[in-house]
Amino acid sequence: MLLEGKRALVTGASAGIGQAIAIGMAGAGADVAFNYDRGEEGAAATIAGIEAAGRRALAVRSDVADPDAAPAFVGAAQEAFGGVDVFVSNAGICPFHGFLDMPRETLERTMRVNLHGAYYMVQAAARRMVEQGGGGSIIAVSSISALVGGEFQTHYTPTKAGVLSLMQSAAVALGRHGIRCNALLPGTIATDINKDDLADEEKRRYMEGRVPLGRLGRAEDLAGPAVFLASDMAAYVTGASLLVDGGMFVNLQ
Ligand SMILES: NC(=O)C1=CN([C@@H]2O[C@H](COP(=O)(O)OP(=O)(O)OC[C@H]3O[C@@H](n4cnc5c(N)ncnc54)[C@H](OP(=O)(O)O)[C@@H]3O)[C@@H](O)[C@H]2O)C=CC1
Ligand SMILES: C[C@H](O)[C@@H]1OC(=O)[C@H](O)[C@@H]1O
């Protein structure tokens, strides 16, 4: 198995992409610790999925925007599993809103969760990996939106560009420790984050029509790419970004 005996941590894994990655990594042989903010029921489902794969699970409830949450999460995983080999920064929000009347609190919360949260979490994981020696793999869930804009995402797309940039700089900073840092760039993946937006049938059809593979993404579509980047199959891959979008980005006309 690609991640046999590895210890993986995933932020925001009570739902959607994080949950699929957490369960996918367990299926590939990893013990998995994950954090989440509010979704108790979802967290229980993630634990069940990890355990069904025969691996150990640890759930930690905390807000990634809180700088103290990062060392606490990594410390809890260290205590439970004895180390950290793989870290996935995934937690994120996207409260769709227009630009001209963007509430300051919406802007600041989105920045704090998506960008500051990723920074604190990745830094805490990297510190642990450096301390234990032996390298590691860090993956951040950025977005196709790091590369293109969105009318109702002016507060969100800069955070995803920032997360992509964080992986590039962290790859440079951490290469000497054998720690690889890469970004996943999902396209439009049907999850809770865009349930309301895609409830508009016309919008949904338009988004589907932009995808050469003919369908929106599923959370599970991110699990394989995440396992690959976490594994030794990607031993010489760092500072890279991988679009997982069914071809949406390259579909100009
Ligand atoms: N869906 C898509 O089309 C795309 C998504 N992405 C990115 O993928 C990531 C996951 O999104 P997706 O799975 O779609 O969304 P979901 O809303 O389905 O899941 C988001 C997860 O993040 C958690 N979370 C949210 N805020 C916090 C916080 N402050 N602290 C800890 N955990 C938190 C949620 O936990 P809880 O519910 O417990 O609060 C939940 O587990 C995000 O970073 C998003 O930007 C990127 C490109 C496309
Ligand atoms: C929430 C959006 O639907 C989703 O998030 C992204 O990063 C992409 O822009 C997707 O459209």
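1. Helices here are DSSP runs of H or I with at least four residues, strands are DSSP runs of E with at least two, and both are numbered from the N terminus. On that basis the chain has eight helices and seven strands. The model is predicted: local features need pLDDT of at least 70, side-chain atom pairs count only at pLDDT 80 or more, and totals for chains, interfaces and linings use all residues. Residues are numbered from 1 along each chain as its sequence is written, chains are lettered from A and ligands numbered from 1 in the order in which they are written, and side-chain values use heavy atoms, with hydrogens and water left out.

2. Overall dimensions. The radius of gyration is taken over C-alpha atoms, and the globule rule is 2.2 Å times the number of residues to the power 0.38. For 253 residues a compact globule would come near 18 Å, and the 17 Å of this chain agrees with that. The C-alpha trace spans about 50 × 35 × 35 Å along its principal axes.

3. Burial. A residue is called buried under 20% relative accessible area, exposed over 50% and partly exposed in between, with a 1.4 Å probe and protein chains only. Of the 253 residues in the chain, 48% are buried.

4. A residue counts as near a molecule or strand if one of its heavy atoms lies within 4 Å of it. There are 33 residues around ligand 1, and those that come nearest are S14, G39, N90, Y156 and T191. By class the shell has 13 nonpolar, 14 polar and six charged residues. The classes are: Ala, Val, Leu, Ile, Met, Phe, Trp, Tyr, Cys and Pro nonpolar; Asp, Glu, Lys and Arg charged; the others, Gly among them, polar.

5. Ligand 1, contacts. A polar contact is a pair of N or O atoms within 3.5 Å; within protein, one must be able to donate a hydrogen and the other to accept it, and residues adjacent in sequence count only if both atoms are side-chain atoms. A polar backbone atom of G39 is 2.6 Å from an oxygen atom of ligand 1. The backbone of V64 places a polar atom 3.0 Å from a nitrogen atom of the ligand. From the side chain of T191, a polar atom lies 2.6 Å from an oxygen atom of ligand 1. On its own ligand 1 has 890 Å² of accessible area, and the protein covers 92% of that. Accessible areas come from the Shrake-Rupley method with a 1.4 Å probe; for residues, only the protein chains shown count as cover. Two or more residues of the shell come from each of α1, β2 (31–36) and α4 (104–132).

6. Ligand 2. Which residues are around ligand 2? They are C94, F96, S143, S145, Q153, Y156, G187, T188, I193 and N194. This shell divides into four nonpolar, six polar and no charged residues.

7. N194. This residue sits in the loop between β6 (179–186) and α6 (195–199). N194 is buried, at 9% relative accessible area. F96 is 98 residues away from N194 along the chain, with 8.6 Å between their C-alpha atoms.

8. Helix α1. This helix covers residues 16–27, twelve in number, and reaches 17 Å from first to last C-alpha, close to the expected 16 Å. The expected span is 1.5 Å times one less than the number of residues. Its buried residues are I17, G18, Q19, A20, I21, A22, M25 and A26. G27, also in α1, is partly exposed at 45%. Just after the helix, G29 takes a positive phi of about 110 degrees.

9. Two loop residues. A53 lies between α2 (40–52) and β3 (57–61) and is partly exposed at 35% relative accessible area. G214 lies between α7 (201–209) and α8 (223–230) and is exposed at 54%.
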